Amino acid sequence: MSDAAPLLSVRDLSVGFEGFDGYADVVDGVDLTVEHGEVVTIAGETGCGKSVTTKAITGLLNEPPAHVDGTVEFDGQDLRELPDDERRELNGDRISVIFQNPLSSLNPVFTIGEQLTDTAQFGGDGNTGILGYFRRRFSSTDRSAARERVLELLEEVRMPDPESVMDSYPSELSGGMRQRAIIAQALLNEPDLLIADEPGSALDVTVHDEILSLLEDLIAERDMSILMITHNLGVARRLSDRVYIMYGGRIAETAPTAEIFDAPHHPYTQGLIASIPRLSGESMAGGIGGSVPEYTDPPMGCRFHPRCPYADESCRSSEPADVSFGEQARSACIRHSDGDSGPVPTLQETKRRLSEHEPTPEPAEGNQ
Amino acid sequence: MPRIGQILRRLSGMTVSLLGLSVLIFVISRVLPGNPARMALGAMASDEQVAELAAEMGLNKPLPLQYVDYMRRLLVGDLGQSLQTKNSVAHDLVTKFPATLELITLAFTFMVVFGIPLGIIAAKHHGGILDNATRFFAFSTVSVPSFFIGIVFQLVFGYFLNWFPITGRLSSAYSDEVVRATGFMLVDTLLSGSVAAHVDAWSHILLPALALSFSGMGQIIRITRSSMIDVEGQDYIEAMRGYGLPTWMITDKYTLKNAFVPTLTILGLQYAWLLSGAFIIEIVYSWPGLAKYGVQSVLTSDVNAVVGVTMLVGFVFVVVNFVVDLLTSYIDPRIGLAGESA
């Protein structure tokens, strides 16, 4: 697997937004790869920059107000260097997205059939001119082929009664059906890379579970790579081959799924896992105190230090370097470095410390 | 589909508002200052004559009875007699209203045909030169009163450039050969088979219709632009971009339909507002429509004519709003008709 070039390779990606409160440095130097056929998850709290990272990958950020830096290499091409029209051809053809909110991602005034058939017929043809469009729009063979394709996909995502769903408006469907509809929509053009933004997260537990097993089956049946975003570590563990833990716009730790849940290295990962009773054996009241940083004025040094139970002066003064733990695992914490004398973070120790730890209040020592 | 039931319910609601409107207009017309009988007969008439006419018109009966009488006659299309023209009000309306309707319909067409595309262009070039130019145009047309635009048009295109006639509906040279079949000059001239007369009718209606359409056009541009920009920021549009649909298809199909709902609401209101705007433009262009008749009837306390004109305007208002409601719920299935929570 590691011989071939990865399907997606993101290097030193940074995204910032010019806002009223100043410049918000939302994604800072993210490196990540997705191999052919691999399922990779970016996990982290709400507001850690995971959605913005994927939007930068798909080119859906408006620049300005966004400022994007770094390289996004897809199948050997740097997407950031590609001319706009070539870039657009990839979207919906080789790269597709399951958007986060099924209700708001479906146009309320068109039927499911209309939207999905258009996606099947015109997806990935961002450059079709006005004449070409009309020629194909009124070609009934094109249209009915696209319609067949949509019905096939709706069957594949186990949509109940696909024919009548085609004639329904999004507001007439249940949350689970809408979720299935947008999964079908994302898969219509057989993408090589599927980006799934919090799939099923808005659904209740049983439907969420059904959607996850649907995704599991789709992953098994299809030859595609998936980059998934979730705040739910259970989802990450269930579906993915490899996990990136993101905090404050940076990658804190990455490792193959089994490794990261068995032996997390980064204090933040350890804290996350310790917060989940099912994963850590017993519950830890309180979780990780504090909240994600303000991006207009992020903490100096390690961005996690105000909430980290191991933090000391050195965490504030220098940014931690990645320390490698085998071929695919690395963690960005100063405690891993050889020269550091502090305690090595372990799951048990982190748990103990977190239950006693008070996060540094936001404005404290801000002027120092 | 419960559509038919919804439409029926809305229709009955419309009837109720028309009834309420008729009561309101009737009462207001009866409390207007001035004795209609005296106004009709003139200052020279004796008090007996005035009292006699008042009795004949039913003006000495109690108000509710007068209303019942009025409504009974209204149902058979009798709006009473105009004291001013001595014709039946219904006849007067039928002869005057088509001219006004033709004018506002053309003005409305201009509003739609120029306003919506300009709004879309402005939204597409959001923040650019085209956007600012369009917004400047829209802002100017909204803020300048229509009679001023009308007079400027007359001066520039009629007087200085001499491209268009500045008053009337048709040159007198053609008035004999045109048969008044529908009351719409653009149609009648065609029916009479005279191309020259048809062109002449266009040259007469163009300036007043354009002047009339301007302020509404500015509104349409502004609302179309802002709702297009609003819809473009929605998740479902981003999703369509993510799926790589042709960019202009996203604009013209997936953005426009959503953005059209607020525009449609404004269009409905504008159509009815055009009626009141037409009253002013008709005076400026000596357009033989409802305006002069309406103003005269108010000034002379011609009650039947006042009630007739006001009822007609109100009727158009209510019908246009009904149509807008239907169209809106057709475009956006989430919007039920009034009284429904679909």
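Which residues of chain B does the UniProt annotation "domain: ABC transmembrane type-1" cover? The unreviewed UniProt entry places it at residues 97-328 of chain B. The structure shown is a predicted model. Over residues 97-328, chain B is 80% helix and 0% strand. The end C-alpha atoms of that span are 28 Å apart.

**Chain B as a whole**

- Chain B has 13 helices and zero strands.
- Its pattern along the sequence is α-α-α-α-α-α-α-α-α-α-α-α-α.
- The C-alpha trace of chain B spans about 85 × 55 × 40 Å along its principal axes.
- Chain B holds 342 residues, and buried residues make up 45% of them.
- Take the contacts in chain B between residues at least 6 apart in sequence: 72% of these join residues at least 24 apart.
- Chain B has an accessible surface of about 16,600 Å². Carbon and sulfur atoms account for 68% of that surface.

**Annotated transmembrane regions**

- The unreviewed UniProt entry also carries the annotation "transmembrane region" for chain B.
- Residues 201-221 of chain B are 100% helix and 0% strand. The end C-alpha atoms of this span lie 28 Å apart.
- Residues 305-324 of chain B are likewise 100% helix and 0% strand. Here the end C-alpha atoms are 29 Å apart.

**A nonpolar patch on chain B**

- A nonpolar patch lies on the surface, with about 1,100 Å² of accessible area together. Its residues are F147(B), F148(B), I151(B), V152(B), L155(B), V156(B), Y159(B), F160(B), L161(B), W163(B) and I280(B).
- Helix 7 of chain B, residues 146-160, gives the most to the patch, with eight residues.
- Residues three or four places apart in an α-helix point the same way, because the helix has 3.6 residues a turn.
- L161(B), one of the patch residues, sits in the loop between helix 7 and helix 8 (185-191) of chain B.
- L161(B) has 37% relative accessibility, so it counts as partly exposed.

- H125(B) lies in the loop between helix 5 (89-124) and helix 6 (129-143) of chain B.
- H125(B) has a relative accessible area of 39%, so it is partly exposed.
- H125(B) touches L130(B) and D131(B), leaving aside residues up to four places away in sequence.
- H125(B) and R225(B) are 100 residues apart in sequence. Their C-alpha atoms are 10.0 Å apart in space.
- D131(B) and R225(B) form a salt bridge, with the closest N and O atoms 2.7 Å apart. This pair links distant parts of the chain: D131(B) is in helix 6 of chain B and R225(B) in helix 9 (residues 195-232), 94 residues apart.
- D131(B) counts as buried at 0% relative accessibility. R225(B) is also buried, at 12% relative accessible area.

**Other salt bridges**

- How many salt bridges does a search of the whole structure find over all chains? The search finds 25.
- E38(A) and R242(A) meet in a salt bridge through their side chains, at 2.7 Å from N to O. E38(A) is in the loop between strand 2 (22-34) and strand 3 (39-43) of chain A, and R242(A) is in strand 9 (residues 242-247), so the pair ties together parts 204 residues apart in sequence.
- Both E38(A) and R242(A) are buried.
- R10(B) forms a salt bridge with D325(B), where the closest N and O atoms are 2.6 Å apart. That pair links distant parts of the chain: R10(B) in helix 1 (residues 3-31) and D325(B) in helix 13 (residues 303-331) of chain B, 315 residues apart.
- R10(B) counts as buried at 18% relative accessibility, whereas D325(B) counts as partly exposed at 24%.

**Helix 8 of chain A**

- Helix 8 of chain A runs over residues 175-187. At 1.5 Å a residue its 13 residues should span 18 Å, and its end C-alpha atoms are 19 Å apart, which agrees.
- Of those 13 residues, 11 are buried, so the helix is largely enclosed by the rest of the structure.
- The buried residues include G176(A), R178(A), I182(A) and L187(A).

Conventions: Residues numbered from 1 in each chain as written. Chains lettered and ligands numbered in written order. Predicted model: local features only at pLDDT ≥ 70, side-chain atom pairs only at ≥ 80, totals over all residues. Heavy atoms only, no water. Patch = residues over 30% accessible without salt bridge, like charges linked within 9 Å, V, L, I, M, F, W, Y side chains within 5 Å. Areas by Shrake-Rupley, 256 points an atom, 1.4 Å probe, with all protein chains shown as cover. Salt bridge = Lys/Arg side-chain N within 4 Å of Asp/Glu carboxyl O. Helix = DSSP H or I, 4+ residues; strand = E, 2+ residues; numbered from the N terminus. Buried < 20%, exposed > 50% of the residue type's maximum accessible area, 1.4 Å probe, protein only. UniProt positions renumbered as here; feature names shortened; annotations may be inferred. Expected span 1.5 Å × (residues − 1). Contact = heavy atoms within 4.5 Å.
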